[in-house]
Amino acid sequence: MVRQPQDIEGRPAYVQGFGGDTSTAIIAAARQGARTAYLSAVGDDMFARALRDLWSREGVDHSHVLTNRAAETGVCFIDPDPKDRQFTYARKGSAAASYDLPNLPEHVVEEAAVLHLSGITLGISPSMRASAFTAMERANTADTLVSLDLNFRPKLWSAFEAAGALTKAAGKADILFASDDEAAALFELTSPNDVASFFLDLGAQIVVAKSGADGASLATSTTRLEIPPAPSNPVDSSGAGDSFAGAFLAWFVETGDAEFAAEKAAVVAAAAVSGLGAVEPIPRR
């Protein structure tokens, strides 16, 4: 749910929208032409049906998204802002948080080109975290790249707990996305070069340090490049980083060119911040 810029009779007016970090990323990838599938769980409610309708329209395979009739689909309310949107969550005990290891379809992970996860994946519950680590381990033994976006949310867990889990996860990741504020809060990394060195040393092959309106930095073991921001008219920063990650992965899988993929992703993220909501403004290929 996203708040409209205007109020109705002095009260905040909300419109239904769609978000979710990895769901936004998978839709961004699909809109760039990638073949996509999603792993998670939803409840048996109106929000779940709306999400499944969305994934179907976007061509995202959601046949492995579980329906948990004993839990609700998580909901989030967002006050949009070009730089610092505010979140109010209603997702304690959600279906996604109840996801556990017996539900993980390992063959889907093994057949994928990329497995993408985030810090929210790891933070929403211990059972989802265990499932995520098992998925990463299966990907590491198969021909599947692991992509990790830090996506640190202090309302989910402490910086201390998050830093420990994300350090462990980063050691299993081939592609790592980190925003400058997250890297500073979790690891006291204050420059893109520090971010790149830290995660390359942990084993990542590609590190993207995202700096919002200032663009991004791309690093490998042999190259460090600045990716300038694309022109935008900022309205709402919701989903910008996730749309960047999804677009990057789609173009990287297609071309094998990380610089080209990052430049494409910057254009997608610029469009995403120029409209209201996390998903609606994401451009199509």
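**Burial, cores and helix packing in a predicted model**

The structure is a predicted model, in which local features need pLDDT of at least 70 and side-chain atom pairs count only at pLDDT 80 or more, whereas totals for chains, interfaces and linings use all residues. Residues are numbered from 1 along each chain as its sequence is written, and side-chain values use heavy atoms, with hydrogens and water left out.

A162 lies in helix 6, helices (H or I, at least four residues) and strands (E, at least two) being DSSP runs numbered from the N terminus. With neighbours within four places in sequence left aside, A162 is in contact (heavy atoms within 4.5 Å) with F152, W157 and L186. The C-alpha atoms of A162 and L122 are 8.3 Å apart in space, although 40 residues separate the two in sequence. L122 is also among the residues touched by R129, together with T121, G123, W157, E161 and A165, not counting residues up to four places away in sequence. R129 is found in helix 5 and is buried, with a relative accessible area of 17%.

The protein as a whole contains ten helices and 14 strands, and 51% of its 285 residues count as buried. Along the principal axes, the C-alpha trace spans about 55 × 45 × 40 Å. Of the contacts with a separation of 6 or more, 68% are accounted for by residues 24 or more positions apart.

In soluble globular proteins, nonpolar side chains tend to be buried together. A nonpolar core is here a set of buried Ala, Val, Leu, Ile, Met, Phe, Trp, Tyr and Cys residues joined through side-chain atoms within 4.5 Å. The largest such core comprises 41 residues, of which L176 and F199 touch the most other members. At least two residues of this core are supplied by each of strand 9 (114–118), helix 5 (126–141), strand 10 (145–149), helix 6 (159–170), strand 11 (175–179), helix 7 (180–187), helix 8 (192–202) and strand 12 (206–210). Residues up to four places away in sequence not being counted, L176 touches L148, L150, A170, F199, A204, I206, V207 and V208. A second, separate core of 25 residues includes A216, F244, A247 and A262.

Helix 1 (residues 21–31) is largely enclosed by the rest of the structure, because eleven of its eleven residues are buried. These buried residues pack against strand 3 (36–37), helix 2 (46–58), strand 5 (60–61), strand 9, helix 4 (119–123) and helix 9 (240–255). Just after helix 1, G33 takes a positive phi of about 105°.

A71, in the loop between strand 6 (66–67) and strand 7 (75–79), is likewise buried, with a relative accessible area of 10%. Its contacts, leaving aside neighbours within four places in sequence, are with G43, D44, G93, S94, A95 and S98. The C-alpha atoms of A71 and R91, 20 residues apart along the chain, are separated by 9.8 Å.

Definitions and conventions: Buried means under 20% relative accessible area, exposed over 50%, partly exposed in between (1.4 Å probe, protein chains only).
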